[in-house]
Amino acid sequence: MIDEIRSKIIRNNPIGKGLDAFLTTFSSLCDSKGIPCSGEVLDRLSDEDVKDLISGLLPALQNLPVTRLLPSRTRGTLRSDLLRLEASFDSDDLDYDRVKPLLKASVAKKPDDEIWIQVYHTVTESTPPPRTITTRLKQTPSSRNMGSLVNSSERRIDTDEVLREDLGPMYVDIPEFHKAFFSSIQDLERVSQAIFDKCCEGSDPWFSEGWAGWPRDANEPAVLVWLQTLTGQLTRWAQDYRQILERRLLAEPNKPLGGSTAKRKLDVGIVSYPEALTDWSQILIPGELKSNPKEDRQNGAWFDIGKYVREVFAAQDTRRFVLAFTLCGSLMRIWEFDRLGGIASTQFDINRNGLQFVSTILGFLWMKEKDLGFDPTFATFNNMRYIDIIRNGTPERIVIDEVMGRVTCITGRATTCWKAHPEGDPSTTLVIKDSWQYPERDLEGELLHRVAEKGVCNVARYYHHETIYIDGRVDDVNDGIRRGLHITKASNYQPQGSDMPRISQISQGSSTAGQKRSSSQTSARMSSSKRPRSESPTKTDPAHCSAPQNRIHRRVIVSDYGQNIYKASSRVALLRALQGCIDGHESLLRRACILHRDISINNLMIHQNGNSPSFTGFLIDLDLAIKVEREGASGAKGKTGTRAFMAIGVLQGEQHSFMHDLESFFWVLFWICIHYDGPGKGKVVPEFDKWNYVGMHELATLKIGTVARESFFIETLTQHCTSYHKPLIPWVNRLRRAVFQNNGQEEDPTLYSRMREVLREAQKDPTV
């Protein structure tokens, strides 16, 4: 029986008409099968029908405000349990018999308390148990992507290795690829056949045992001319069947496109508004040509098309995935890139399978924007972009003002932020944040709820959060984007040892300055006792060693807007903001038992309106944050944090503690002094640019060498510090002394107050 507290919440928050849409779906299903609309018929339905019904019921339940009030039987709220249950649908662990009592109670319109009893029963019994990970796995292994680069020139010689990691796994020869991405295009098969028939007609056909005019040596310039000629003819014929949108195939391989840090050129692609091609934002489907068929490989065409895809992702703020193609000689592949990596079709020879080539080109020209990977939850009306949400049971429209930032990566969370406001209330500034999260991760929105409930200061304030749904289903990679295509069927698939590679054993012999304590996440609360270093490599769980990864599209809206800390209007404002962020970090840990774990120049913000002097600096981004009382790894793929600001101990594999985050605050100030010659005036410093690219061990060595000796540290900082920040040199050194006192071997909660004291004294310095 639900206890009295839950019963009171349920009485005060009736379901009402909240399940009407689901009941309409159930009624339509019964009518289509000619069966009565009653709970008893559920036992006669197939598992697929039951899955479709529960897929409609769960979103309806999640949208009820009461699910945010009802507590979970494990952690968080009942809504969190429902989201975790939904994420389990692709596994074989879902027991359909367990969900039928909930369906029966819902279709029978049972009293609310009976329905909620069945909800609790379902989420408790049906959700697969969490992946077992040894309790030593607190710090996950190293990984890099292009989004971790800061103040970088992005020279190709530097970025290529990082980009190879960023591309993630690339799986080819996926069966049913064309069907998954092209079958929704109306009349494509019929029209493609009709147009291909035209290609084969006449005394001088376009196609006869191969395409007419195909360059014998597949020379790239000649192939580009041939492609434009043929696709132009296909487009003209296709106009007889359907109007072509403002897009066509364009080949201008010598024209650098705007919108990227490193100027890149594109061989060929399907573009929008081709008459005025200037920017990567116009590239819908990038392509890569190679004259040699042997270039159809990982280090050839695959890698090169990945570079173009990254530019498309970076320039298009609502792009969920990108379709692309490679043509090596006459061998073509169609690609799909998302936040897990790239998958590709079976290779086909366009001179042997002309019909498939025609179908592919027409499909590219006719695809709806949603099928090209654009987010349909963003709409435009009268040049106004907006999203619609349901907040506390009430529909709201949020108007987009501008893009604040988008992480320029392929794989990973790919965070994007927009400045926005509620429709009709432009004076209220909001920040929308979209990201792609592992299902195992805590929902950032739930953590922000906890932050608000615990009265945490100097952390961005919660407004709304949701998991994105498209066409009634969770927008995830495996099912929502890849349409159920399985990488296990790829010709180059090899089961990986684990979702998380083995961590190298950490050497215990050194006591060099900066080699810090090893503390478990469960001990991150604040203990002044020494803690042992990790003594053995991480072990994998063989029961889950080949489980495919997934990422889910989630959205958070907060009601605090500011600028990055490096844009502070003065040196004093910078120090005050840094002090406020340290206050926020301590409050987050002490009051909410949450450890941030990603202190960086992009996650420390500053209010400069002067209305709230106690809230001048605040923290954002709890994507990598964890509740410190939790056991097990976080679900993060790699070591947590932004490379340039990672603590030395984290780089060496130590378990992440609050002391590591405090060290990261030091590295943020150090980095700003070197890279910013005034508010927001960033530059590239070659000696430190390599911090973005070198390996973890080498970066740890560089950092140790930087801070170990005071004389060398002052010399280094003096040599590289910008003229604007030179007055801060003695204070940055004092902060170094505080952070690396006693080689940082012991956890010390007084470090918070000692760092704040340095920053307060610095603000009083007349030279600052």
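Guide: Let's start with a term: two strands pair if DSSP finds at least two bridges between them. Keep in mind that we're looking at a predicted model.

Visitor: Okay, so which residue is the bridge partner of R391 in β13?

Guide: The general idea is that strands of a sheet pair through backbone hydrogen bonds, either parallel or antiparallel. Here, β12 pairs with β13 (residues 394-406) in the antiparallel sense, over 6 bridges. Within that pairing, R391 has T394 as its bridge partner. The two strands make a hairpin with 2 residues between them, and N392 in the turn has a positive phi of about 55°.

Visitor: What about the other neighbour: how many bridges pair β11 with β12?

Guide: Strands β11 (residues 379-381) and β12 (residues 384-391) are antiparallel over 3 bridges. T380 faces R385 of β12 there. This hairpin also has 2 residues between its strands, and N382 takes a positive phi near 50°.

Visitor: How do I check a helix's length? Say, how far apart are the end C-alpha atoms of α10?

Guide: Count 1.5 Å a residue, and the 19 residues of α10 (residues 220-238) should span 27 Å. The end C-alpha atoms are 26 Å apart, which agrees.

Visitor: Is L103 buried or exposed?

Guide: The cut-off for buried is under 20% relative accessible area. L103 has 0% relative accessibility, so it counts as buried. You'll find it in helix α5 (residues 96-107). Leaving out residues up to four places away in sequence, L103 touches F22, L42, V50, L53, I54 and L57. Take V50: it is 53 residues from L103 along the chain, yet their C-alpha atoms are separated by 8.6 Å.

Visitor: And where is H656 found?

Guide: Look in the loop between α17 (648-651) and α18. H656 counts as buried because its relative accessibility is 3%. Its side chain makes a polar contact with the side chain of D661, at 2.8 Å.

Visitor: Last one: which residues touch the most other members of the largest nonpolar core?

Guide: Those are L604, F665, F666, W667, L669 and L717, in a core of 86 residues. Helix α18 (residues 658-675) gives the most to this core, 13 residues. Zoom in on F665 and, setting aside residues up to four places away in sequence, you'll see contacts with L578, C581, I582, H585, I599, L604, L619 and M755. Apart from that core lies another, of 61 residues, with F207, L234, F321 and C409 among them.

Terms used:
Residues are numbered from 1 along each chain as its sequence is written. This is a predicted model: local features need pLDDT of at least 70, side-chain atom pairs count only at pLDDT 80 or more; totals for chains, interfaces and linings use all residues. Side-chain values use heavy atoms; hydrogens and water are left out. A nonpolar core is a set of buried Ala, Val, Leu, Ile, Met, Phe, Trp, Tyr and Cys residues joined through side-chain atoms within 4.5 Å. Buried means under 20% relative accessible area, exposed over 50%, partly exposed in between (1.4 Å probe, protein chains only). Helices (H or I, at least four residues) and strands (E, at least two) are DSSP runs, numbered from the N terminus. Contact means heavy atoms within 4.5 Å. The expected span of a helix is 1.5 Å times one less than its number of residues. A polar contact is a pair of N or O atoms within 3.5 Å; within protein, one must be able to donate a hydrogen and the other to accept it, and residues adjacent in sequence count only if both atoms are side-chain atoms.
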